[in-house]
Amino acid sequence: MADNYLEKRYEEVFGKGSGKTVRKVVNPSLNSLLLKNRSHRSFSHSHIVTDEALRDIIAVNSRIASAMNQQVLRFRPVSDPVQTLAISSMIRLGAALPQEKLPPPGAEPPAYIVVCSTVEENRWVDIDLGISLEAMSLKAVELGLNATIVGSFDRDALRRLLDADNMHPLALLAVGKGCDKIQLLSIREGESHAYYRKEGIHYVPKLGLDELIF
């Protein structure tokens, strides 16, 4: 199909020189989404995360891979302020920064997606979990948001809060507009992988391509 197909069709319908400009929609590249997909540990409460946005993020799970196509993951979107604050009291962010209190008071995630399984956790469930969390995080970035994967939380307390005795909580996805300034650092094999903060910037060491290939 020719690149100017829409322009030609518009002229056929409305006449040439009608003054209408057809804009091309440019989707973000995967590389750009990956670079923006950083783990924020403080969030702006001036940006409201809508239920529609949470459902859009969860919806990717209808289109992604699943080990043996079991599809055992289930999701609970949470945006109610009372429940989100309750969940924030159950989590721990920034385990490598024990001197920091993360998230800072007043910068807690405004929304969560709780990821559970209908069966007990096993190798195949964990494969699905990784695929799901990455796909949802990238969708959040596409929507102009940020998503942080949380694995350290009180599972029993969360199960009681959600009245989900028949579910197995696996992870949380904190969703919102991140406030952190984050910068990637290229490192070599053997150098420290620990992230750190200096002068208001959160530094994240990453191995380069040549270090990953063996």
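Three strands build an open sheet here, in the order β6-β8-β7 and with mixed pairing. At its edges stand β6 (181-187) and β7 (196-198); each has a single partner strand, so one side of each is left without a neighbour in the sheet. On average, neighbouring strands of this sheet are turned by 35° against each other, direction ignored. Keep in mind as you look around that this is a predicted model.

- β6 pairs with strand β8 (residues 201-207) in the parallel sense, and seven bridges link the two.
- To find a spot where you can see this sheet's strands face each other, look for Ile-187, which stands opposite Leu-207 in β8.

- Thr-148 has its bridge partner in β5, namely Ala-174.

**Ile-113 in strand β3**

- Strand β3 covers residues 111-117, and Ile-113 lies in it.
- Is Ile-113 buried or exposed? Its relative accessibility is 0%, so Ile-113 counts as buried, the cut-off being under 20%.
- Ile-113 also shows how the fold brings parts of the chain together: Pro-77 is 36 residues away in sequence, yet the two C-alpha atoms are 4.6 Å apart in space.

- Which residues make the nonpolar surface patch of about 360 Å²? They are Met-68, Trp-124, Ile-127 and Ile-131.
- One of them, Ile-131, lies in helix α5, which runs over residues 123-142.
- Ile-131 has a relative accessibility of 32%, and because that value falls between the 20% and 50% cut-offs, Ile-131 counts as partly exposed.

**Cysteines**

- A disulfide is a covalent bond between the sulfur atoms of two cysteines.
- How many disulfides are there in this model? The count comes to zero, with a disulfide taken as a pair of cysteine sulfur atoms within 2.5 Å.
- Cys-116 has 7% relative accessibility, so Cys-116 counts as buried.
- Cys-179, at 43% relative accessibility, counts as partly exposed.

Notes:
Residues numbered from 1 in each chain as written. Predicted model: local features only at pLDDT ≥ 70, side-chain atom pairs only at ≥ 80, totals over all residues. Heavy atoms only, no water. Pairing = 2+ DSSP bridges. Helix = DSSP H or I, 4+ residues; strand = E, 2+ residues; numbered from the N terminus. Axes fitted to C-alpha atoms, helices over the stretch in contact; angles between N-to-C directions. Buried < 20%, exposed > 50% of the residue type's maximum accessible area, 1.4 Å probe, protein only. Patch = residues over 30% accessible without salt bridge, like charges linked within 9 Å, V, L, I, M, F, W, Y side chains within 5 Å. Areas by Shrake-Rupley, 256 points an atom, 1.4 Å probe, with all protein chains shown as cover. Salt bridge = Lys/Arg side-chain N within 4 Å of Asp/Glu carboxyl O.
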